[in-house]
Amino acid sequence: MKNQAMYDGLIERRSIRSFKPEQVSDEDLQAVLKAGTYAPTAMGAQAPIIIAVQNPEDVKALNALNAVFGAGSTPYYGAPTVLLILTPQGNAVGTLDGASVATTLLNAAHAVGLGACWINRAQLMFQTNEGRAMLKRWGIEGRWDGVASIALGYPEGEPPKAKARKENYCYIIK
Ligand SMILES: Cc1cc2nc3c(=O)[nH]c(=O)nc-3n(C[C@H](O)[C@H](O)[C@H](O)COP(=O)(O)O)c2cc1C
C-alpha cells in the first residue's frame, strides 16, 4: 500500500450532519478548495466552479432556498460554510465534472478534519430567479447550473457508522 492514510480516509469518511458553530478557518477552507480544484474533469478542462459561502446571511438564504424543494428548514444542518459546485450551462459532462469535484471536496474535508455532507437539490436552487440573483450579487459572471452543494464545518459529536456494504457491489472479470 503506497498511501495507507489516504486509503483509510476514503473508507472512514462519513457524511456529517452536526456541526460546531465556529467558522471554518481560512487555512482549512483553502486546503479543501485546493484539493477540489485537482479533481479529475473531462478533458482536464476544469469547467466547474466552487463557491464557498461563509457569510451567515447568505448561508441562511441558501438554507431557505434549498428548503423550498422539501428538505426541512435547515437542509445544511447548521453548517457555518456551504460549498456550491456549479457547471457552465450546456456542458454535456457538467454533472459528471461537478460530481467529481464534489466527491474530492468531501474527501479533502475529511482529511483536513472537517465534517461535510453532500446536499442535494443544487440544480433546482440555481434554476430559480433567487438563486440566479445570488450568483449575480456575488459577482459570478456567466450562466451556471447547480450540480451539488456541501455542508461544511467542524464536526460535533461522533460520526455515524457506515452501513454494511451491499453484496454484489463489485464484479471482477478475469
Ligand atoms: C447525490 C447525493 C445527494 C445527497 N443528498 C443529501 C441530502 O440532501 N441530505 C443529506 O443529509 N445527505 C445527502 N447525501 C448524503 C448521503 O445520504 C450519504 O452519502 C449516504 O447516506 C451514505 O453515508 P456516508 O456518506 O456517511 O457514507 C447525498 C449524497 C449524494 C451522493
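Let's start at the ligand: one of its oxygen atoms sits 2.6 Å from an N or O atom in the side chain of Ser 15, a polar contact (a pair of N or O atoms within 3.5 Å). An oxygen atom of the ligand is also 2.7 Å from an N or O atom in the side chain of Arg 17, and a ligand nitrogen lies 3.1 Å from a polar backbone atom of Trp 118. On its own the ligand would expose 620 Å², and the protein buries 61% of that (areas by the Shrake-Rupley method with a 1.4 Å probe).

Keep in mind that this is a predicted model, where local features need pLDDT of at least 70, side-chain atom pairs count only at pLDDT 80 or more, and totals for chains, interfaces and linings use all residues. Residues are numbered from 1 along each chain as its sequence is written, and side-chain values use heavy atoms, leaving out hydrogens and water.

Who else is around the ligand? Among the residues there are Tyr 77, Asn 120 and Arg 121, each with a heavy atom within 4 Å of the ligand.

Most residues other than glycine have a negative phi, yet the phi of Arg 121 is positive, near 80°. You'll find Arg 121 in the loop between β3 (115-119) and α5 (122-125), where helices (H or I, at least four residues) and strands (E, at least two) are DSSP runs numbered from the N terminus. Arg 121 is partly exposed at 22% relative accessible area; buried means under 20%, exposed over 50%, and partly exposed in between (1.4 Å probe, protein chains only).

Gln 46 also has a positive phi, about 50°. Gln 46 is in the loop between α2 (26-37) and β1 (49-53), and counts as exposed at 56%.

Technical notes: Polar contact = N/O pair within 3.5 Å; in protein donor to acceptor, adjacent residues only side chain to side chain.
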